[in-house]
Amino acid sequence: MSFPQNTGHAAPFPRLSILLHWVMAALIIVMLFVGLFMAHNSTVHYASLFTLHRTVGFLLLLLVIVRLINRFTNHTPPLPNDLPAPMKLAAHLSHILLYGFMLALPLVGWAMLSAGGYPITLWGGCHIPSLMGFHPHLWGELRCLHSLLAYGLILLILAHIGAALLHGIIRRDGIMGSMLGR
Amino acid sequence: MAHSPRKGSPARWAAVVLPPLCLGGLMAWTAGVFSPAAISPSHFMQRFQKAGALDRGFRRAHAKGMCATGWFDPTPEGRALSRSGIFKGEHLPVMGRFSLAPPLPYLPDNPAAARSLAMQIRSSTGDDWRMALVDAPLQVMRDIADAFAFFKTARLDPATNKPDPAAIRAYAAQRPWLKTAFEQAKSHKQASDLTNDTYNSLDSFILTDEAGKKTPVRWAAVAQEPFSPAEGSSANDKNYLFKRLVQTLDQRPLRWDIVATIAREGDPINDPSQPWDEADQKVTVGTVTFTKAYSEDESPCGPMVFDPTILPDGISTSDDPLLALRSSVYMKSYATRSAEHKTPSMVTPGDITHPTLTPDGKGQ
């Protein structure tokens, strides 16, 4: 599918921001599918999926930290001036929420396994330390929160994709192109 | 949608709306929204519920239990088979949980119920070995589909408050591959006590030595106490098995040898319903000694999950499908019960401090 030419005036994002966005986008989508599948199907591949989920989850936590630092230190192109105020507000709020959920999900995952007394082994047998001691009740609560955050992130991502396409296809204001490097 | 001066055609709007809708649909499909017949950990929880599990903080299976602590001493033979830190020679703490296998947390002790022993052994360097052993000789299921059907047969008949014996007979009849497992279950002689019972891993695991050589094994906790057969349900006391275990621990430590049976060519590794060759080599890899009993309401073993796939380096899972299933279903049960308000366990702290048996007709 080819998108219409960028007719707007939004400047492109810096290269590093674009790279981080798409690498994380791909990993997050994979993580959400793996998580949903693990939680809702009884599968003989459970152990490998779980190891993949822990490993990519930890990688995403590192990436989101890099990304947050990048966000505050690197240049972010401003939204077009003719964008209505409610859409600007929605854009800012949804991005704050996206960052919050991207940070909270792996942290809650790490904390919940720690509280539950699960050893946290990554691909290749590498262990990461527990965030806390054995707190079974907290484990139960955090496990529930982990699912709720995942459902929240799914809704945010779907809205984010819809909004990007709205900018790219209907408004054609260059916002989508700014993350495609155009 | 906010009014836009550059409003698009319906085709353009479709290009905006359809991609997120499709992705959302695909995710819902992955979560089983459109295929409710698929087997999931939640479906297993429902089956346990119908088999008498309570949503009051108890395990959904192996619900009635008691804790014990002690230590593990490895043997040089264990060290030769696995490079795990567990076998390095150190004297390691053990937390164990003795239980009755059914999902009923208030089941009166009886000789008919299968019994289990779960353990966690930890080394000072962070190795964590969890075991969930049962006193059945073989698993009466070979895969996830069998397990799902099996737990359906455990449903309590509302009229009798017991599982329907015809259901388990039908389950066995439809599965000729479980013939040996059911025959061995039938001829299995139940031990008189928890103290002299032998508990089996049922599933197979892989031990890896320093050189990387892999050895497929099944293991068992074999009681050092002499075996004596169960003789009907003569005790009046609803906790007689657990109280007799406490009484014995008050007198002397109790030991179990951890015996690994080494697979030979042709022994099925991925099917816990099939027996291994009688002549297989058996190696004692260590000894567990229990010294002290606790009610599960005052020990971390009460809430703890004994997921048999939590293993140290040097011990790993085989491709046995039931190991994957146990891990996912245990996690679901563990998360659910941990968020619930727990009612007291049937084996109370009082039973631990005063393990006096209610006298039966014979004054015993």
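Which residue is the bridge partner of B:Gln120 in β4(B)? In this predicted model, the partner of B:Gln120 is B:Arg130, which belongs to β4(B).

## The β3–β4 hairpin of chain B

The pairing of B:Gln120 with B:Arg130 belongs to an antiparallel arrangement in which strand β3 of chain B, residues 115-122, is joined to β4(B) by 7 bridges. Between the two strands of this hairpin lie 5 residues, and in the hairpin B:Gly126 takes a positive phi near 95 degrees.

Strand β4 of chain B covers residues 128-134, and because 5 of its 7 residues are buried, the strand is largely enclosed by the rest of the structure.

## Helix α8 of chain B

Helix α8 of chain B runs over residues 321-338, and its 18 residues should span 26 Å at 1.5 Å a residue, which agrees with the 26 Å that separate its end C-alpha atoms. The helix is also mostly covered, since 18 of its 18 residues are buried.

## Contact between chains A and B

The contact between the two chains draws 39 residues from chain A and 42 residues from chain B. On the side of chain A that touches chain B, at least two residues are supplied by each of the helices α1 (15-40), α2 (46-73), α3 (85-115) and α4 (136-171), and α4(A) gives the most, with 16 residues.

By residue class, the side of chain A that touches chain B divides into 23 nonpolar, 12 polar and 4 charged residues.

## Two residues with positive phi

Most residues other than glycine have a negative phi. A:Arg172, although not a glycine, has a positive phi of about 45 degrees, and this residue is found in the loop between α4 and α5 (175-180) of chain A. Is A:Arg172 buried or exposed? With 21 other C-beta atoms within 10 Å, A:Arg172 is buried, because the cut-off for a buried residue is 20 or more such atoms.

B:Asn161, likewise a residue other than glycine, has a positive phi near 60 degrees, and it sits in the loop between β5 (156-157) and β6 (162-163) of chain B. For B:Asn161 the count is 9 other C-beta atoms within 10 Å, so this residue is exposed, the cut-off for an exposed residue being 12 or fewer.

How values were computed
Residues are numbered from 1 along each chain as its sequence is written. Chains are lettered from A and ligands numbered from 1 in the order in which they are written. This is a predicted model: local features need pLDDT of at least 70, side-chain atom pairs count only at pLDDT 80 or more; totals for chains, interfaces and linings use all residues. Helices (H or I, at least four residues) and strands (E, at least two) are DSSP runs, numbered from the N terminus. Two strands pair if DSSP finds at least two bridges between them. Two residues are in contact if their C-beta atoms, placed from the backbone, lie within 7 Å. Ala, Val, Leu, Ile, Met, Phe, Trp, Tyr, Cys and Pro count as nonpolar, Asp, Glu, Lys and Arg as charged, and the others, Gly among them, as polar. The expected span of a helix is 1.5 Å times one less than its number of residues.
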